[in-house]
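Please keep the sequence and the structure in view while reading.

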Amino acid sequence: MKLIIDGDMFLYRASFSTEVEIKWDEDTWTLHSSEKESQHSFDSCLMSVVRKLDKDAEFILAFSDTENYRYDIFPNYKSNRKNTRKPLGLKALRSWAIESYDSRVFPRLEADDVCGIMATEDPTFVAVSGDKDFGTLPITWYNMLRDEMRSVTPEEADKFHLIQTLAGDPTDGYMGVKGIGTKTAEKLLEKDGYNWETVVAAYEKAGLTEDDALVTARLARILRAEDYDGVDIKLWTP
């Protein structure tokens with residue numbers, strides 16, 4: 001088995017898990033972490049997943065670049081996380097992981113995109129992530145949060161992309177149509193047709209425009225091999 005693994009999730013999990021609070025006196029608290037313990041936690045979490053799937057699996061880790069093309073599309077992308085503290089030692093752990101494992105970082109792309117590109121270019125890869133957005137990819141992927149293996153057809157992937165365009169993704173700081181969540185979007189598309197026209201009609205009914213819908217659709221799409229030539233990014237077009 002060949003795995004392409006979203007390494008970002010392991011970075012955050014390992015970094016937060018090794019933070020320690022200490023109260024020194026009635027007034028003083030400190031927060032610290034051990035770099036070696038974070039590395040050990042990363043190794044342990046990663047290898048437990050690999051062994052669960054196939055102890056002899058070949059695997060590559062995908063990490064997000066420090067720059068992100070989605071900010072060019074929507075400057076407020078993930079702005080809801082600006083005041084959220086990142087774990088101690090995250091940058092150092094990322095550098096260590098990239099040096100320690102066979103890893104990929106593509107310029108201006110997120111780890112999700114790296115996984116999507118590699119898994120659609122080479123279908124023998126199984127993608128590993130806990131992000132539901134992987135349902136927009138026509139690949140085989142293991143949802144490590146649900147302990148579930150799925151093979152998504154191109155039709156299913158395209159349908160879920162339309163659902164995500166209507167529902168948006170509040171965790172990434174962008175909204176779809178107000179009042180429409182995943183379940184409502186699915187029902188609407190089942191009723192009126194899984195097509196771009198249904199999406200646009202819902203946006204316009206809410207006082208939005210087709211351009212608004214297109215921005216959301218481009219944010220929601222995890223890149224596939226056809227969307228990236230190693231340098232340029234081809235933005236999704238209906």
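The notes below treat the nonpolar cores, the salt bridges and the packing of helices in turn.

The model described here is predicted. Its largest nonpolar core has 24 residues, and a second, separate core has 23 residues.

**Nonpolar cores**

- In soluble globular proteins, nonpolar side chains tend to be buried together.
- Within the largest nonpolar core, the residues with the most contacts are Leu 3, Ile 5, Phe 42 and Leu 46.
- Two or more residues of this core come from each of β1 (2-6), α1 (7-17), α2 (35-54), β4 (58-62), α4 (90-100) and β6 (125-129).
- Helix α2 gives the largest share of this core, with 6 residues.
- Phe 42 is in contact with Gly 7, Phe 10, Leu 11, Ala 14, Leu 61, Phe 63, Leu 93, Trp 96, Ala 97 and Tyr 101, when its neighbours within four places in sequence are left aside.
- The second, separate core includes Ala 62, Leu 109, Ala 111 and Ala 127 among its 23 residues.

**Salt bridge between Asp 122 and Lys 2**

- Side chains of opposite charge can pair when their charged atoms come close.
- Asp 122 and Lys 2 form a salt bridge through their side chains, with an N to O distance of 2.6 Å.
- This pair links distant parts of the chain, 120 residues apart: Lys 2 belongs to strand β1, and Asp 122 to the loop between α5 (111-121) and β6.
- Asp 122 has a relative accessible area of 22% and is partly exposed.
- Lys 2 is likewise partly exposed, its relative accessible area being 24%.

**Salt bridges around Glu 110**

- Glu 110 and Arg 70 form a salt bridge in which the closest N and O atoms are 2.9 Å apart.
- Because Glu 110 lies in the loop between β5 (103-104) and α5, and Arg 70 in helix α3 (residues 70-73), this pair ties together parts that are 40 residues apart in sequence.
- Both Glu 110 and Arg 70 are buried.
- A salt bridge also joins the side chains of Lys 78 and Glu 110, at 2.9 Å from N to O.
- Lys 78 and Glu 110 are both buried.
- A network of salt bridges links Arg 70, Lys 78, Glu 110 and Asp 113.

**Packing of α1 against α2**

- Helices α1 and α2 pack with their axes 8 Å apart, at an angle of about 135°.
- The two helices α1 and α2 are therefore oblique to each other, and their crossing is right-handed.
- On the α1 side, Gly 7, Phe 10, Leu 11, Arg 13, Ala 14, Ser 15 and Ser 17 meet Ser 38, Ser 41, Phe 42, Cys 45, Leu 46 and Val 49 of α2.

**Packing of α8 against α9**

- Helix α8 (residues 196-205) packs against helix α9 (residues 210-220) at an angle of about 120°, and their axes are 8 Å apart.
- This makes α8 oblique to α9, and α8 passes α9 in a right-handed crossing.
- Trp 196, Val 199, Val 200 and Tyr 203 of α8 meet Glu 210, Asp 212, Ala 213, Leu 214, Thr 216 and Ala 217 of α9.

How values were computed
Residues are numbered from 1 along each chain as its sequence is written. This is a predicted model: local features need pLDDT of at least 70, side-chain atom pairs count only at pLDDT 80 or more; totals for chains, interfaces and linings use all residues. Side-chain values use heavy atoms; hydrogens and water are left out. A nonpolar core is a set of buried Ala, Val, Leu, Ile, Met, Phe, Trp, Tyr and Cys residues joined through side-chain atoms within 4.5 Å. Buried means under 20% relative accessible area, exposed over 50%, partly exposed in between (1.4 Å probe, protein chains only). Helices (H or I, at least four residues) and strands (E, at least two) are DSSP runs, numbered from the N terminus. Contact means heavy atoms within 4.5 Å. A salt bridge is a side-chain nitrogen of Lys or Arg within 4 Å of a carboxyl oxygen of Asp or Glu. Axes are lines fitted to C-alpha atoms, for helices over the stretch in contact, and angles run from 0 to 180 degrees between N-to-C directions. Angles under 35 degrees count as roughly parallel, over 145 as roughly antiparallel, 65 to 115 as roughly perpendicular and the rest as oblique. A crossing is left-handed if the near helix is turned anticlockwise from the far one by less than a right angle, and right-handed if clockwise.
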